[in-house]
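Here's a quick briefing on aromatic contacts, charges over rings and a surface patch. Have a look at the model first, then read on.

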Amino acid sequence: MNDLNKIHPMYQFSLKAFSVVFQKAVLKAEPDETLKQRVINLIDSITSSVFQYTTRGLFECDKLTYTTQLAFQVLLMSKEINPRELDFLLRYPVQPGVTSPVDFLSDHSWGGIKSLTAMEEFHSLDRDIEGSAKRWKKFVESECPEKEKFPQEWKNKTSMQRLCMMRALRPDRMTYAARDFVEEKLGSKYVMGRSVDFAVSYEESGAATPMFFILSPGVNPLKDVEKHGRTLGYTFDNKNFHNVSLGQGQEVVAEEALDIAAREGHWVILQNIHLVSKWLGTLEKKLEQLAEGSHQNFRVFISAEPSSSPDGHIIPQGILENSIKITNEPPTGMHANLHKALDNFNQDTLEMCARENEFKSILFALCYFHAVVAERRKFGPQGWNRSYPFNTGDLTISVNVLYNYLETNSKVPYDDLRYLFGEIMYGGHITDDWDRRLCRTYLEEYIKPEMMDGELYLAHGFRLPGNTDYNGYHQYIDAALPAESPYLYGLHPNAEIGFLTQTSEKLFRTVLEMQPRDGGSGEGMAGSCDEKVKVVLDEILEKLPEEFNMAEMMGKVEERTPYIVVAFQECERMNVLTQEIKRSLKELNLGLKGELTMTTDMENLQNAIYLDQVPDSWTKRAYPSMSSLAIWFMDLLNRIRELETWTSDFSLPSVVWLAGFFNPQSFLTAIMQSMARRNEWPLDRMSLQCDVTKKSREDFSTPPREGAYIHGLFMEGARWDTQAGIIVDARLKELMPMMPVIFIKAIPVDKQDARSLYQCPVYKTRQRGPTYVWTFNLKTKDSPSKWTLAGVALLLQI
C-alpha cells in the first residue's frame, strides 16, 4: 500500500488507518476449530479487507497494477513463482537485431522469444514455433489467446510461464492475461469490477475518519452523500447538514461549520479543497483537533481534484492518510458517453426551438461529437496529440449558441456554427494545430446540410436519427449504436491494439519499479542490483566509439555546403552526448567500487540502468525516444556509424536515414537551401515535394542529382500501397508498416498540386505532439478527412 504513492501522490495510507482495517478484518474472519484453517481464514479476511479498502481509492487505470503487484508479492513469499520468470515478465529484455522467421510475429516479438529461450524451461520454444508454424499462427491470431490452450506440450506450463510467453506473442492481451492470472491465484473477488456501495463505505467512517472523494471530470459523487444523508435524517432543511463550496473566500464559513458539526453531531461537506492551497495546513490541524472528543455522529466529507503532475500536488498527507479515499470515474465507452451527453438535456430542451428538425438533428450530432472527442483520449497520442479537459459545459453552451443562431437566421449557418463549436467552444481548449484540424474535420463530417436528408452516417453503421422525442433518442442509441470499437471514432481497429499494448507495457514497467530491491521477499530477483548495473556499464563503455575529431573534419572540407553544415552540427551534438555517457558511467563505476561517495545523480543513473531505462542526463542531451536502454544504445551505435560513413568523404549517402539525426528538420531545410542556390529560387517561396518510390533502400547505389532519398519511416493508422502509390487502409495487426524509400526535393510553392493529397504530419516518435518534424503531402484516392480522423501520421522510430 505504501508503495502506491510512487504512482500517484494522492495514494497515502497511514499505519493507524491500516491497523483499524486489520483489526476489523480479524473480527470478520470465520472462526474454526482447527488452528491451521483459522489462520487461513484470518489471512483471507485480512488480505481481502485491505484490498477492498485500498482499491476503492484508486483510479481505474491503477487498480490492475496494485492487484498484480499484490499477487506477485504473495506468490514470491510462498515460493510459488520463480523470481527469474517474474523478472523476465516485468523487464521483457528483448534480444535486439533479430529477424522473425514467421509472418505472424514481429521482429520485436521474436526478440522476446529468443531471450526467453535462454531459460532452461523454454529452450526449445523458438524451434517449436518455427516447426509447427501453422498451429502457433492459429493460436497467436485468435481473438482472446489468453483463454485458449497453448499448442503442443506448452499448454502444460505453469501460469507464470504462460504469462511470459504471452508477453512476447501478444503484448496487447497482457492486461486481460494478468487479470486472469490474479483470478486464478487469489480468487475472483480480486478482479470483480463492482464499485463499493456508498452506504458500505460510510459504515467505516467516523468522527476521526473523514471520507475523501477524489474527483474526476464530469462526475458528482456528492449526490450519494446527500441521498444517504436523507435516509439517515441529515438534510439542509433539518439544519444538521452543512455544505461549503471552497474557492470564494469560504474558509471561515468552513471552520465555523466544522466547529458546530463536531459539537452537535452534524455532517459537513467541504467541496473542492484543492482551490484553497494556503488554507489546507489549517484544515489539517483542525481535523486533527476535532478527531478527539467530538460527537460520535460528526462526519466530514471532502472532495478535491487530483493534480495532473506530482509537482502540483498540494493535499496534506495527514488529511489523505486518515481518510477513506473514494474515486468516482465517468463511464467509459461510446455507449455510456453518448447517453451521458444526452442526459444534459430533456424534452423541454428539444421543444424550445421553432426550427425543430434542424435543432434536434444538430443537437444529436453535437452529443455524438462531444462523446467522441472526450472518449478518443483513451487511444493516446493517436487519439489526440495532447490531453484536453473537454467538459459538459462546452456541450451545453454550444447548444445555447445553436438555439440563438437558429432563432435569428432564416438559413442554417453551418459554417458559422462549425467555427463557433470547433474553434471557440471546444477549440478554446486545443493548443496543437493538428488536434485543431482533427476537431474541425469531425464537425465538417457531422454537421453539414446533408444531415437534413436523413442519409448522414455519424459512424459506420450508425445513421443520424430522424425527428423523435427525448426518450426516443435514448432508445435509438440502445437499438442502433454498434458495439464499442475504434470505428466509432473513425479510427482503424489497430488503434486499439496499439493502445492495449502500451497499457500493458506501462502496467509491467510500474510493477517493476515497485519491486523491492536486493533481499526482502523478492530475494533472488536474478542477481543483485549492483552486479546487473556493472555488466551493462562495462558493455556500454567498451562499445562506445571515440568522439568525432571536429578540427580534423573541418580541415577536410573546402566549401561549407548546407549538407556539410548539417553533418558538422550532428557530429558536435553526438560528441556532447557521448562525453556525458562516458563521464557519468566512469563516475558511477568509481562509486560502485567505493572510491567515490554516491551522489543522488549517481543513484539515479544506477537506478535507470537497473530498470533498463535511458538515464535523464543522457536524455537531456539526446533525441526523443521511447525505447528501453538496451535498444536505445544499439540505435545510438547505428547513428554514430551512419555519421562516420557520411563524414569520411562528405559525399551524401545514396539513401539517407532521416531518423538518425538529432535534428531531422535541419536536413530537410538543407535540401531546400541547396536547390534554391542551384536554381536561384527565393528560399521563402519553396516547399518540399515528396514522391514515394516503389523501391527499398538496397535498390539505390547513388544519391539523386537534386534533393535526397530518405528511408526508415513508418506509417501509423494506415499503410502505403506501393503498386497503386496511395494511402490505403491498414492490415489488421500490422501496426506500423515501413514506407518505401521517399524522394524529397524542393519546388516553388506555386507548383505544389494540392488536389487529392493528405497533409501527413511526420513525428520523431509514437509520442507525437512535441516531436513534430515536418508535413509530407501523400497521394490518396479517399477523402483526406478519412485519414485525419484515423490519426494517420509518419513516424521516424517505433
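**Rings, charges and a patch**

Valine 39 is partly exposed, with a relative accessible area of 37% (buried is under 20%, exposed over 50%, partly exposed in between, using a 1.4 Å probe and protein chains only). This is a predicted model, where local features need pLDDT of at least 70, side-chain atom pairs count only at pLDDT 80 or more, and totals for chains, interfaces and linings use all residues. Residues are numbered from 1 along each chain as its sequence is written, and side-chain values use heavy atoms, leaving out hydrogens and water.

**Surface patch**
- Valine 39 belongs to helix α2, residues 35–55 (helices are DSSP runs of H or I, at least four residues, numbered from the N terminus).
- Together, Leu35, Val39 and Ile43 make a nonpolar surface patch of about 300 Å² (patch residues have over 30% relative accessible area and no salt bridge, with nonpolar side chains joined within 5 Å).

**Aromatic pairs**
- Searching the whole structure turns up 44 aromatic pairs (ring centres within 6.5 Å; planes under 30 degrees apart are stacked, over 60 edge-to-face, the rest tilted).
- Phenylalanine 198 and tyrosine 202 have ring centres 6.5 Å apart and planes at 35 degrees, so they count as tilted.
- Both of these residues, phenylalanine 198 and tyrosine 202, are buried, and they lie four residues apart in helix α10 (residues 198–204), about one turn.
- One aromatic cluster includes Phe198, Tyr202, Phe213 and Trp267.

**Charges over rings**
- Lysine 325 puts its charged end over the ring of phenylalanine 13, 4.5 Å from the centre (the cut-offs are NZ of Lys or CZ of Arg within 6 Å of the ring centre and within 35 degrees of the ring normal).
- Over the face of tyrosine 623 lies arginine 639, at 3.5 Å from the ring centre.

How values were computed:
Patches are made of residues with over 30% relative accessible area and no salt bridge: like charges are joined within 9 Å, nonpolar side chains (Val, Leu, Ile, Met, Phe, Trp, Tyr) within 5 Å. Accessible areas come from the Shrake-Rupley method with a 1.4 Å probe; for residues, only the protein chains shown count as cover. A salt bridge is a side-chain nitrogen of Lys or Arg within 4 Å of a carboxyl oxygen of Asp or Glu. Helices (H or I, at least four residues) and strands (E, at least two) are DSSP runs, numbered from the N terminus. Rings of Phe, Tyr and Trp (its six-membered ring) pair if their centres lie within 6.5 Å; planes under 30 degrees apart count as stacked, over 60 as edge-to-face and the rest as tilted.
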